[in-house]
Amino acid sequence: MSEAVSAVITSAPYLLEGMGVTLALVAISLLIGFLCGIALTLGQVYGPRFVKRLVDIYVWFFRGLPNIVLLFLFYFALFPMTGFDVPAFAVAVVVLGLRSAAYQSQIFRGAIESIADGQMLAARSLGMTRWQSIRTVILPQALRLSLPGWANEYPVLLTDSAVAYVIGVAELLTRTAQVISKTGEPMVLYLTCAVIFILLNYGGMMLIQRVEKKVRIPGFGNNEVTDT
Amino acid sequence: MDAATNLTTNATALSGITDFLSETWAHILAEIPFWQDILLPALWDGLIVTLQLVALTAPFGFLLGLLVAVARVYGVRPVRWAAQLYVIFFRGCPLLLLLFILYFGLPSVGIVLGSFLSALIGFILCNSAYNSEYLRGALQSVKGGQMTAAQALGMTKLQAVRYIVIPQALRKALPGVSNEFIYLIKYSSLAYVVTVIELTGAAKIIASKYFAYFEAFAAVGVFYLVIVTIATLSINRLEKKYAIPGTGAGKGT
Amino acid sequence: MSDTPILRVENLSKSYGDLEVLRSVSFDVYKGETKAFIGPSGTGKSTLLRCINQLTVPDDGHVYLNGEEITHSGSKINEYRQKMGMVFQNFNLFDHLTAVRNVEIALLKVKKMDKAAARKKAMFELERVGMADRADYYPAQLSGGQAQRVSIARALAMDPDVMLFDEPTSALDPELKREVLEVMRKLAADGMTMLIVTHEMHFATSFASEILFMEKGEIVERGSPADIPASPSFERTRAFMGTYEE
């Protein structure tokens, strides 16, 4: 047992670095997913018909494929075709981000569709353009309504990020496996890794709850929107 | 530029295109045996393993999830806590890590499960933890009056839960549980990492062996898209069929 | 009073499928007039208002604001709409903004006023409708009557030439109707040009300068509140309206 403890202690700095990589992976993917997700939603809700179709296909594609297949497809096939030598971390971030965008877009869409038509009418009646109305009236409301669904996206991405192991991104799980191959003690080290993931999960959720409380508006957004 | 050169340029361009087309065609023809004799048979074999994993996980994942949910809502305090810990651990631990623990970790304490069983148990634990959350929400959303009314008819608490609350809750939890089923199809691909040769594993082996990454992963992608689409459509039908009129569950279309 | 009407509506028509909601409706509105359109629900009154500020695009006909055609005006419609304040039946206050932010948002984004000036103007308008003390309340924290007064302030803040009221009191409890009515009466007295769509008879007669009865997408009767009771078709209309009176 003492050997196991010393294995954990000596490898702690290396594992903590891996935790940093995991968090970076999650944060950047969430951001990519957020920005692309909003663009997809706007295309799907307000775009012309062919844009709606394209977004449908995008969402169908990224929600229909396992992470691991997407990672392999992008890492071994699609990125090499471009001729650039793209590092595994970047591939993982792009894949997780684009996939998250598909999910986030459906959360935002649900939120936008739950906003009464009268909000848009009132904005237009004041002389706002369509885009001004979307930006100043619809989106601020939709983003608030999306928060509960969006809060769900963080734990999903966090646990999904471990899949980046299969293309060798040096995140927490990959590093844990590396340490185990040197020192043994698989059970203790894997459980340590699990505890770190669980703590990150709860830490992040608590942070999101605080944000939710901060941006809460009296009497607004009691109707939760989650993706279906 | 005079007409003659113009014509020659056109002719060169044209022959360039035909060359390209015939080359591509030859390429496709050359590929056929690879697809027919190697890639597709391997993927078919993998598909069967994937379907086995999914078919075995789904019922156990559901029942275990229901058990955990009932424990969380109706259990005495230590049982509630144990159930909650279960959910926290198996939802918070990445599935891949869970598979590593089962396949690489347990043997070090003397438990050897083998690859298929490791994957299966990992999926069931994960699937049940997520299902239990949907079921818990559904159980809690059944109004207190239902329980009281059942007990007023002389039912015991257990009977009331069994015959009145659970049937209502199941219908409410259906969208979440079926969503989880779709996820299960996709995350069954992780079994490949603990050497179960299911769809993704089969594709990866062929891809590396024949250096045919694009073909293998594009093909396996199509397989998953087809399965997931079929499952999604069937579930939508099921949900429509089992919606209780007037309970507003059929809204999300 | 100048010769050009503030608003001229010519042969406005609108159908949804086979249903003709508006049939060639025409009228002029001069400065300071208050026209009340009454009639049972589903007679095209609300569609008429929305076709005026082009929130609904009419199938046929023309609308002129101060002599300029605003039908088919492309993106210029956003400028014209600022001159036509609209008040909705269910208020449509922006749910994520406080009362004062509701009033100033278009001043900031559309009129590009600076923050201090927009706030000052917004507070002035809230004062006008008696809502200054609720400036920092969110829509969900206001009663229906208060919300409607804020929405009137929001429209007034754009300094419109004409105000369009779409059933402004029908979503309100009787005791809350009065406070909105008072605000509107004051506006009319101050010389605001107003178009009011309503199915409440006493409402219309209390301060409108002209009453127009609508039925099946057409104006079937019009006159001053004093003239109308003498008109023969008024009996019929009033019988029709009777259900809404109590």
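**Notes on the predicted three-chain model**

1. Chain A is built from 8 helices and 0 strands, so to speak a plain run of α-α-α-α-α-α-α-α when followed along the sequence. Its C-alpha trace spans about 70 × 45 × 25 Å along the principal axes. Of the 228 residues in chain A, 54% count as buried.

2. Is A:Ser146 buried or exposed? Its relative accessibility is 0%, and because buried means under 20%, A:Ser146 counts as buried. A:Ser146 sits in helix α6 of chain A, which runs over residues 130-161. Setting aside neighbours within four places in sequence, the residues in contact with A:Ser146 are A:Ile107, A:Phe108 and A:Ala111.

3. Chains A and B each carry a record worth checking. In an unreviewed entry, UniProt lists residues 15-208 of chain A as "domain: ABC transmembrane type-1". That stretch of chain A is 86% helix and 0% strand, with its end C-alpha atoms 25 Å apart. For chain B, the UniProt annotation "domain: ABC transmembrane type-1", also from an unreviewed entry, covers residues 47-235. Here the span is 83% helix and 0% strand, and the end C-alpha atoms lie 20 Å apart.

4. Now to how the chains meet. Which chains share the most contacts? Of the 2 pairs of chains in contact, that is chains A and B. Chain B and chain C, by contrast, do not touch, and their nearest C-alpha atoms are 24 Å apart.

5. In chain C, have a look at helix α5 (residues 144-156) and helix α6 (residues 174-189), whose axes come within 7 Å and cross at roughly 25°. Angles under 35 degrees count as roughly parallel, and α5(C) and α6(C) are therefore roughly parallel to each other. Their crossing is right-handed. On the α5(C) side the contact is made by C:Gly144, C:Gly145, C:Gln146, C:Gln148, C:Arg149, C:Ile152 and C:Leu156. The α6(C) side brings C:Leu176, C:Glu179, C:Val180, C:Val183, C:Met184 and C:Leu187. Sorted by class, this contact has 7 nonpolar, 4 polar and 2 charged residues.

Note on methods. Residues numbered from 1 in each chain as written. Chains lettered and ligands numbered in written order. Predicted model: local features only at pLDDT ≥ 70, side-chain atom pairs only at ≥ 80, totals over all residues. Heavy atoms only, no water. Helix = DSSP H or I, 4+ residues; strand = E, 2+ residues; numbered from the N terminus. Buried < 20%, exposed > 50% of the residue type's maximum accessible area, 1.4 Å probe, protein only. Contact = heavy atoms within 4.5 Å. UniProt positions renumbered as here; feature names shortened; annotations may be inferred. Axes fitted to C-alpha atoms, helices over the stretch in contact; angles between N-to-C directions. Parallel < 35°, antiparallel > 145°, perpendicular 65-115°, else oblique. Left-handed = near helix turned anticlockwise from the far one by under 90°. Nonpolar A, V, L, I, M, F, W, Y, C, P; charged D, E, K, R; others polar.
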